[in-house]
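Subject: Structure handover

Hello,

Here is the structure for your files. My notes on it follow below.

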Amino acid sequence: MNKRQGKFLWLNLNRAKNYQNDLSIEYGFKLLDIDMAIIIFTADHMRVTISKIEQTKYFRGYAFSTIKRSVDRLIKQKVLKQTKDTIDARKRILSLTLEDWSCKS
């Protein structure tokens with residue numbers, strides 16, 4: 001990695017962390033790093049399930065129980081909602097409940 005790449009990554013890492021802190025303050029609960037990663041993943045992908053999160057390369061370092069706990073916490077805090085899939089009723093599709101999760105930085 002060269003200096004320019006490091007600077008770019010550092011700026012984006014700081015921006016993400018600041019956004020995480022802003023959301024924690026605004027919505028009144030502490031967002032963990034795994035919570036923020038799940039929020040970003042859900043916002044970026046369609047038809048997200050807990051299994052799809054677990055199978056993604058980024059989340060391989062997390063245990064299934066950690067991912068499930070985070071999703072449950074986000075559902076309880078009304079950040080995520082879970083709906084039955086219209087094609088396969090066994091699947092629960094995750095989506096963001098909050099309309100305005102736009103970046104403030």
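How many helices and strands does the secondary structure of the protein chain come to? The count is four helices and two strands, where helices are DSSP runs of H or I with at least four residues and strands are runs of E with at least two, numbered from the N terminus. Along the sequence the pattern is α-α-α-α-β-β.

This is a predicted model, in which local features need pLDDT of at least 70 and side-chain atom pairs count only at pLDDT 80 or more, while totals for chains, interfaces and linings use all residues. Residues are numbered from 1 along each chain as its sequence is written, and side-chain values use heavy atoms, with hydrogens and water left out.

Overall: the C-alpha trace spans about 50 × 30 × 20 Å along its principal axes. Of the 105 residues, 29% are buried (under 20% relative accessible area, with a 1.4 Å probe and protein chains only). Among contacts (heavy atoms within 4.5 Å) with a separation of 6 or more, 44% join residues 24 or more positions apart.

Helix packing: helix 2 (residues 33–44) packs against helix 4 (residues 64–76) at an angle of about 75°, and their axes are 10 Å apart. The axes are lines fitted to C-alpha atoms over the stretch in contact, and angles run from 0 to 180 degrees between N-to-C directions. The two helices are therefore roughly perpendicular (65 to 115 degrees). Helix 2 contributes I34, D35, I38 and I39 to the contact, and helix 4 contributes I67, S70, V71, R73 and L74. By class these are six nonpolar, one polar and two charged residues (Ala, Val, Leu, Ile, Met, Phe, Trp, Tyr, Cys and Pro are nonpolar, Asp, Glu, Lys and Arg charged, and the others, Gly among them, polar).

Pocket: the largest pocket has a volume of about 290 Å³. A pocket here is an open set of points on a 1 Å grid over the protein atoms alone, where a 1.4 Å probe fits, with protein on both sides within 12 Å along at least five of seven lines; lining residues have an atom within 4 Å of a point. Helix 2 gives the most to the lining, with five residues. The lining divides into eight nonpolar, two polar and two charged residues, and Q20 is one of the lining residues.

Q20 lies in helix 1 and is buried, at 4% relative accessible area. Leaving out residues up to four places away in sequence, Q20 touches L31, L32, D33 and M36.

Regards

Notes. Parallel < 35°, antiparallel > 145°, perpendicular 65-115°, else oblique. Points joined across faces, edges and corners; volume = space filled by probe spheres on them. Buried < 20%, exposed > 50% of the residue type's maximum accessible area, 1.4 Å probe, protein only.
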